[in-house]
Amino acid sequence: MNHFERKRGEMVCEGVPLRRIADAVGTPVYVYSHTTLAHHYSAFDRAFSGIPHIICYSMKANPNGSVIRTFTNLGSGVDIVSGGELSRALAAGAPPSKIVYSGVGKMEWEIVEALRQGILMFNVESRQELETIDGIARKMRKKAPISLRVNPDVDPRTHPYISTGLKKNKFGIHIDQAVRDYEWAARRRHIEVIGVDCHIGSQLTEISPFLDAAGRVRVLVDRLIRKGLDIRFVDIGGGLGITYENEVPPDPQQYADGIVDAFRGLPVTIVLEPGRVLVGNAGVLLTRVLYTKPSQETDGKAKKKQFFIVDAAMNDLARPSLYGSYHAIVPVAGSSRRRVVADVVGPICESGDFLAKDRELPALTGGDLVAVMSAGGYGFSMSSTYNSRPRAAEVMVSGSRFEVVRERESIRDLTRGERTASFLTRRRGKA
Ligand SMILES: *Cc1c(COP(=O)(O)O)cnc(C)c1O
């Protein structure tokens, strides 16, 4: 459920008409519902209330400080994948004791900083990374708490770019060789083995891949405990999908029941790393139609297709271009009853720049405002300045108020840190 709805013909977020936000802040702009975020977090947390657990919000889905703080205020920890994320997580109130650090390519300065801050654990993805962490911890006279990220080789049946738990993916250590690596890790003097981790992919709409993975991880945890390792945490990653179009993902309670069942009787705390499921449907991207023009293509009924050219583009929301993802597009205020088939495209100079293809929509005209739905996760966080387009503003709504939680970037921001090479501006004849 979310708090974006049509009231008296007009789209609102909680108590605020989206039109008011667009008028005040301009477009394109991301709008997040604080109430939806809090509601999603609480539903997820409640689903696991029967067992000891820590929710570590996977902040790469949406790293806005106010979004993170919404969750940390409710007791959340954070799953990070870089030193930059560590810094932003701490700034947003995440206690280090609830930060887990994932990723295949942790750099030395990032490991140093995470050790200095005293995070809960590193989710280690290779033998070489273990050696590096051990070496750094020795120099810092610390013990690094770790779990190994195991790759259970299950097919999450999602988009290939966001499946991570298959043998062929770059992630984790294959589960069959994990015992060997665990025994090796346990002998390092500056490593403290405390957990097992796995994350098989994103936008999963079925529960069975989670259960397969959990079953395999359970077998491993039992073996490790029998070998005398002190496994206190089992991190089962994130990946629960959301409804973009007509997917029917398992609800958090169903998912939780399956996970709880898989680890029944183990004296461990379950760590969860939800991202998309908390934020995806709590945000929209507001954009205005600039121009419309007929396409030379026809729809199925020999009618000309349309192009709706809007002021948001693939640099603002990459998912349609990158994964061919579906995002619902809805007019913000009353619109024509006439329906047309259209491609909704941005100003960027690439044919891959689209937000929707072959979509049946009301006949829009220049100036119309539309909301691109389900854009709260992997929306702003994947945005760029391609074509020298400043990044969009971000707004958070709570009840009848709204606040800008990140300003629109300025033209000056685009060239911050850039310098013209001196040999390009030296005057002729002076050399
Ligand atoms: C991206 C990621 C997540 C979150 O995935 P969602 O599909 O957004 O829930 C969790 N854990 C790790 C290690 C990730 O890389």
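The protein splits into domain 1 (4-31 + 281-414) and domain 2 (34-276), with bounds taken from an automatic or database domain assignment. Keep in mind that this is a predicted model, where local features need pLDDT of at least 70, side-chain atom pairs count only at pLDDT 80 or more, and totals for chains, interfaces and linings use all residues. Residues are numbered from 1 along each chain as its sequence is written, and side-chain values use heavy atoms, with hydrogens and water left out.

How far apart do the C-alpha centres of domain 1 and domain 2 lie? The answer is 33 Å. The two domains meet through 21 residues of domain 1 in contact with 23 residues of domain 2, where contact means heavy atoms within 4.5 Å.

Now look inside. The largest nonpolar core has 101 residues, and Phe122, Ile146, Tyr182 and Phe263 touch the most other members. A nonpolar core here is a set of buried Ala, Val, Leu, Ile, Met, Phe, Trp, Tyr and Cys residues joined through side-chain atoms within 4.5 Å. Buried means under 20% relative accessible area, exposed means over 50%, and partly exposed is in between (1.4 Å probe, protein chains only). Helix H8 (residues 208-226) gives this core its largest share, seven residues; helices (H or I, at least four residues) and strands (E, at least two) are DSSP runs, numbered from the N terminus. Both domain 1 and domain 2 supply at least three residues each to this core. A separate core of 20 residues includes Phe4, Leu286, Ala371 and Val397.

Back to Tyr182: leaving aside neighbours within four places in sequence, its contacts include Ser147, Leu148, Val193, Leu220, Leu224 and Ile231. Ile54 counts as buried because its relative accessibility is 14%. The C-alpha atoms of Ile54 and Thr269 are 7.2 Å from each other, although 215 residues separate them along the chain. Beyond residues up to four places away in sequence, Ile54 touches Lys98, Leu120, Phe233, Thr269, Ile270, Val271 and Leu272.

Next, the ligand. Which of the 15 residues around the ligand come nearest? They are Lys60, Ser202, Glu273, Arg276 and Tyr378, and a residue is counted as near if one of its heavy atoms lies within 4 Å. The side chain of Ser202 has an N or O atom 2.3 Å from an oxygen atom of the ligand, while Glu273 places a polar side-chain atom 2.5 Å from a ligand nitrogen. On its own the ligand has 390 Å² of accessible area, and the protein covers 94% of that (Shrake-Rupley method, 1.4 Å probe).

A few backbone details round out the tour. Thr27 and Pro28 are joined by a cis peptide bond, with omega about -5 degrees, and Pro28 sits in the loop between helix H1 (18-25) and strand E4 (29-33). Ser374 is not a glycine, yet has a positive phi of about 55 degrees. Ser374 belongs to the loop between strand E19 (369-372) and strand E20 (393-398), and counts as buried because its relative accessibility is 7%. Asn387, found in the loop between E19 and E20, also is not a glycine and has a positive phi of about 70 degrees. With a relative accessible area of 33%, Asn387 is partly exposed.

Methods
A polar contact is a pair of N or O atoms within 3.5 Å; within protein, one must be able to donate a hydrogen and the other to accept it, and residues adjacent in sequence count only if both atoms are side-chain atoms.
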